[in-house]
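Here's a quick briefing to read alongside the structure. Keep the viewer open and click through the residues as they come up.

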Amino acid sequence: MKEEYETKLKEIEGRIDANRQEYGFLHDLLKQSGPELVKTVETYLWWLGFSNVVNVDEIYPQIQEEDLRVEDDRGLLVIEVKGIGGTSTDSECSQISKIKYRRCKERVAFDVFALYIVNHQRFLPPKARMNPPFNATQIEDAKNDERGLLTTYYLFRLYFNVIEGHITKSDARTALYGTGLVRFRPSGATALPGPYEIHHGGYVIIFNAKGLEVKVGDSVVLDQAGRYTGARILEIQIDGNSVESASSGDIGMKLSEPVHKDVTLWLLDGDKKGNPQQSPGGGVLKAAPQE
């Protein structure tokens, strides 16, 4: 029994080591701070497909302003990266705005975008953290200042949403130029209008279609705290009667997968409908490492 226990323990330790080697930069997104976190985000941006990422801290250590720069056809994206034990102050959220306007002046152009990325409450398990960690005022100020707010936890989740085919790298890159609270929407999908009533253990939702047609057999993406999963519409009812499709009024919809109260549902467009397990690029769903 002792030999069997030790053998199984070594197998488990081996799987843990393999997981950390394969997903090392993803683990670091949730653990690191300082230069190590900046380097991790740089690695992530290269993986996401940006062709011009500059680690300012490494190449221009005397500047001590933005941590990363990304430049493409849209212009220049300046990024500040922080790893902290708590949540961000107003000044931490807004510091990148000053750098944005300095770069605008240097370039004599307004094609400069700003993004603040934070690994917040980094000593807590990701699911136990405040998500998002920004208050309403911080988010509204970011919109007004035209800068983005993002957490490394959402970058972590984005990785698997990309791998599983729910969002393309191109669409993810575009989202990083957004303002306010940066969110990544599934590619080729339309949001089902909320709010939703949720019944029968999460398998049945009621919502008002507001002109958006849904049909039995359609595929939807469930966005639950930034983690996407696929599901199929099994049944549609209006006033207690089953129908094949609907596009107006209050609709009851039974899904193949359960949802929770904070879910956002996206209806897949075009030829991806009816196959929630198939990615736009033909990929197969993969399991994520533990968060």
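What follows covers the overall build, the salt bridges, the nonpolar cores and one histidine.

This is a predicted model, so here are the ground rules: local features need pLDDT of at least 70, side-chain atom pairs count only at pLDDT 80 or more, and totals for chains, interfaces and linings use all residues. Residues are numbered from 1 along each chain as its sequence is written, and side-chain values use heavy atoms, with hydrogens and water left out.

**Overall build**

- You're looking at a chain with eight helices and 16 strands; these are DSSP runs numbered from the N terminus, with helices being H or I of at least four residues and strands being E of at least two.
- The C-alpha trace spans about 70 × 65 × 35 Å along its principal axes.
- Of the chain's 291 residues, 44% count as buried (buried is under 20% relative accessible area, exposed is over 50%, partly exposed is in between, with a 1.4 Å probe and protein chains only).
- Take the contacts (heavy atoms within 4.5 Å) with a separation of 6 or more: 65% of them are between residues 24 or more positions apart.

**Salt bridges**

- Side chains of opposite charge can pair when their charged atoms come close.
- There are 14 salt bridges in the structure, each one a side-chain nitrogen of Lys or Arg within 4 Å of a carboxyl oxygen of Asp or Glu.
- Glu 42 and Lys 39 make one of them, at 3.2 Å from N to O. The two sit three residues apart in helix 3 (residues 34-48), so about one helical turn separates them. Glu 42 is buried at 9% relative accessible area, while Lys 39 is partly exposed at 34%.
- Arg 102 pairs with Glu 65, with the closest N and O atoms 2.7 Å apart. That bridge ties together distant parts of the chain, 37 residues apart: Arg 102 is in helix 5 (residues 90-107), and Glu 65 is in the loop between helix 4 (56-59) and strand 2 (68-72). Arg 102 is partly exposed at 37%, and Glu 65 is partly exposed at 24%.
- Arg 103 and Glu 66 also meet in a salt bridge, at 2.9 Å from N to O. Arg 103 lies in helix 5 and Glu 66 in the loop between helix 4 and strand 2, 37 residues apart. Arg 103 is buried at 5%, and Glu 66 is buried at 0%.
- Shared partners join Glu 65, Glu 66, Arg 69, Arg 102, Arg 103 and Glu 106 into one salt-bridge network.

**Nonpolar cores**

- The largest nonpolar core has 42 residues, and Tyr 44 and Phe 184 touch the most other members. A core here is a set of buried Ala, Val, Leu, Ile, Met, Phe, Trp, Tyr and Cys residues joined through side-chain atoms within 4.5 Å.
- Helix 7 gives this core its largest share, eight residues.
- Setting aside neighbours within four places in sequence, Tyr 44 is in contact with Phe 25, Leu 26, Leu 29, Leu 155, Leu 158 and Tyr 159.
- Another core, of 19 residues, lies apart from the largest one and includes Ala 209, Ile 251, Leu 265 and Leu 267.

**One histidine**

- His 27 lies in helix 2 (residues 24-31) and is buried at 16% relative accessible area.
- Not counting residues up to four places away in sequence, His 27 touches Asn 19 and Arg 20.
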